[in-house]
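Please have the structure open as you read.

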Amino acid sequence: MTTDIVYDIVESKEQPKRHTLAVLVDNEFGVLARVIGLFSGRGYNIESLTVAEVDEDKNLSRITIVTSGTEMTIEQIKRLLDRMVPVHKVHDLTVEGPHVERELALVKVVGTGKSRVEALRTAEIFRAKAVDSTPRSFVFEITGSSEKIDAFIALMRPLGLVENCRTGVAAVSRGKEGI
Amino acid sequence: MENQNITGAEIIVKSLINEDVDVVFGYPGGAVLPVYDALFKQNQLRHILVRHEQAATHAAEGYARSTGRVGVVLVTSGPGATNAITGLTDALMDSIPLVCITGQVPTHLIGSDAFQEADTTGLTRSCTKYNYLIKDVNDIGPTLHDAFHIARSGRPGPVVVDIPKNLMNQLADYVGKTPFSRSSYRPASEGYLPAVERAVELMMAAKRPVFYVGGGVINSGVEACKKLTSLVRLTGFPCTNTLMGLGAFPASDPQFLGMLGMHGSLEANMAMAECDVMINIGARFDDRVTGRLDGFSPKSKKIHVDIDPSSINKNVRVHVPIVGDAGVVVQQMIDLWKAKKAKPDKKAHAEWWKKIEGWRAKKSFSYKMSKTTIKPQYALERLNALTKDKETFVTTDVGQHQMWAAQFLHFDKPGRWMTSGGLGTMGYGMPSAMGVQIGNPSGLTVCVTGEASFMMNIQELSTLVQYRLPVKILILNNRYMGMVRQWQEMFHGCRYSESYMDSLPDFVKLAEAYGMKGLRCDKVADVDAAIKEMLKIKGPVILDMVVDQNENVYPMIPAGAAHNELVLGPEQKTVMKSKDLL
C-alpha cells in the first residue's frame, strides 16, 4: 500500500499511438513557448514540430506536431491546446481522414571511390538531389514521408554519412476542406 | 485626469477604474513606482499595502471568491513577480479570477540581467491562464481590458500583465474600455441540448441518483447556486459537495450528505460508490475524491457538466459529457425536468434514502470528547454554533484543521468558505481573510488555521492592524504539522520526521507586539467563553487554542484505496468496505 502513499499510480495498458496535430495559432510573441510548455509541463511527448506563419494579414501561424499517447491522452492534449487563448483550431489529422505528411532532410555524405558512386546511385533511386558537391562529399536534399527519409539515412550510414538535418513533419489533409 | 496625452501609469489606473475595480493589493518597488505615483494622485482606487507579495495574491483570491469579482494585484519586477507565483498557481488550480500587474525593467534592458529583472512571462506562462508582456504604451489599455475578460470568463483564472517601466512613463491617449479582441477565445455557455436531454432522461430513470457538486457552480455565480439548489430540491436527490463546492448547496438541508472525498463523510462516499446515476456539476473528479481510479463507482452512469472541455474525460470516463456554464445548464435541466413532467421512482428512492440514512447513522465524523484536552473538532463545532446567526466568512490554511473545518462548519451560502483546495498552500488563510474582510466590510471574517500554516504569512498581522480589519484568527495549536504527523503515524511507522513545531512564539504576546488583541484558551470548559470573547472584540484578534496533539482526521481514504474503502475512526474500529454496508 505504501509504494506511493500520496498519489495512486495507474499503469496504462493501452499502447500509445502516433498522432499528427495541426494547430492554427495567433502569430504572437511566446505562442510557441506556450505550446511547448504545455507538452513539457504535462509530460507529453513531442516527436517532431514545425511552425511557420501561414497568413500574414490575419497574423496566423500553423504548428504541426507529431505526438504519441493513448487515446485518452491524445484527447486531453487536443482539448488543452484548444482552450489556450491564442489557439484558433486544433485538428487531429491522423483521426480526421487521409492526409499527406512530408519531411525534408539535408544529408551530408563523405566518401570516395565505390561508396561515393553507390551514394549517388541510391540518391537517384530515392529521387534525392545533390545540392552540394565536392570531390570528397555530397549534400543531398530529400523530401518524402518520414519512413522514406529514415530508409535513406539508414542506407547512407555505411556509405559515409556525416551529418543530417531534418525539418520535422509538415502535414495537410487530403480533399478540398481547408483548415 | 484627462484621457489625452497621459502617462502609461495613468492609463493603467484608468483602465482598472473602468473595469469596476475598487481595490488593489500590492507592494511597491522600483519598476512600479510610476503606477504608485499615479495611485497617490487619485482616490477612486484603493490600495492595500501587504507585507509580502504572496499575501497580495492570496488576499486578492479571498476577495475574488467572496465577492465574485476579479481580484487585482500590483507587484514590482524581479522578486516581486517571483513572490507572486505561489498565489498565481493557487488561483489557477482553484479557478479564481485574478489580474496581476507586474512591473518590468525598461524595454531596452530586458534580457541584460538588469537589476530586479526576471523573465516574468516565462516564469508565469505555466502558472497562469494567460499572460502578456506589453511592448507599446498604446497597448496598455486594450491589453488590460482583454486581461479582465479572460480572467473572469469561461473557467476563471489568473492573468499576468507585465509592463516595462519606461512604458509607464511614456505619454499616450486612453481610448476607454475596448471590446475583447481575440476571436480564438470563445468559452462555452449553453449545453448541447440533446446531451442535456439525455442527462435528464437518465436522471428520471435513476433508482439511486446522487448530485456531485463542485467549485464550478460557485464560480458560475450566486444565481447558479440558487438554481442548483432548486434542481436538487425539485428532484429530491441526495447532494454532496467537494471541498471547493461547500456552500453551493445549503449544508442545513436534509438532502445534503456532507463533503465527499479523502476526508469526506461516509454517507457521501458510499452514495457515490453505490449510485447508479452520478450527476457531476462543476467538479473535476479530483484524485482526492476518486481514490483508486479503477475502483471509482464502476457501476454508475456518469453525467458531467463542466465549462472546461479538457476537464471532461480527463481521468474518469463519463457517459454524458456536457460542456457549458453550470448555471445555464442547470436551468436547462430544470426546464426539461418540468417539461417532461418527470415522475421519479418513489419506491426505489425511498429505499435509497433508507440506505443513506443507515450510513449517516454511523456518524463518521464523530470523535471522543475529552474533559482534559480540547479536541479540535469540539472547538470547531462550538465555533459553528456561536457564529450561526451572523454573516460569517471562513478562510482556512491547509492540513488537519482545514479538513475538520470542512466537516464541522456548515455553509448555507456560496462565497462564505475560502480555502486552498487544488494547490493546498499553507499560508493562504490569513492573507485570504484580509481580502475577504476588505470585500465584505460588515461581515464577520474568521480565519481557522494551524500554528504551522499561520507562521508562513505571519507578517500580515501588520496589514490587519494598519487597515483596521477585524479578522478573527482561531489557531488550533497542536504543536505539530498535524496532517504530516497523521501520515507519518499511519504510513511511516510513527517516525515523526521534522513535523514537530519547535520554538513556537507566544501568540498572545505576538498579537500584542503587533498592536492587536491576543487570547489563549487551553481548558475545555473555557472554549465557549474564549470564542465568545474573540467574536466580541472589535478589531483583529488572535485566539490561540491549545488542542489535543494526537487527533487524526477521520474518515480517511488512504491513497491506493478505492473510494468506498474508508478507514473510520477508532470510534468505529473497522476498515469499511462497501460489501459490509449494503
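What follows is a short tour of ring pairs and of charges placed over rings.

This is a predicted model. Over all chains, the count comes to 20 aromatic pairs. A pair of aromatic rings is described by the distance of the centres and the angle of the planes.

| Pair | Centre to centre | Angle between planes | Arrangement |
|---|---|---|---|
| F237(B) and W337(B) | 5.9 Å | 85° | edge-to-face |
| Y480(B) and Y496(B) | 5.9 Å | 65° | edge-to-face |

Take F237(B) and W337(B) to begin with. F237(B) sits in the loop between α10 (222-235) and β10 (239-241) of chain B, while W337(B) belongs to helix α13 (residues 326-339) of chain B, so their pairing ties together parts that are 100 residues apart in sequence. Both F237(B) and W337(B) are buried.

Now for the tyrosines. Y480(B) lies in the loop between β18 (472-477) and α20 (482-491) of chain B, and Y496(B) in the loop between α20 and α21 (507-514) of chain B, 16 residues apart. Y496(B), with a relative accessible area of 31%, is partly exposed.

Y480(B) has a charged neighbour as well: R485(B) lies over the face of its ring, 5.9 Å from the ring centre. In another example, the charged end of K135(B) sits over the ring of F29(A), at 4.0 Å from its centre.

Chain A also has a cluster, in which ring pairs link F126(A), F138(A), F140(A) and F152(A).

How values were computed: Residues numbered from 1 in each chain as written. Chains lettered and ligands numbered in written order. Predicted model: local features only at pLDDT ≥ 70, side-chain atom pairs only at ≥ 80, totals over all residues. Heavy atoms only, no water. Phe/Tyr/Trp six-rings, centres within 6.5 Å; stacked < 30°, edge-to-face > 60°. Helix = DSSP H or I, 4+ residues; strand = E, 2+ residues; numbered from the N terminus. Buried < 20%, exposed > 50% of the residue type's maximum accessible area, 1.4 Å probe, protein only. Lys NZ or Arg CZ within 6 Å of the ring centre and 35° of its normal.
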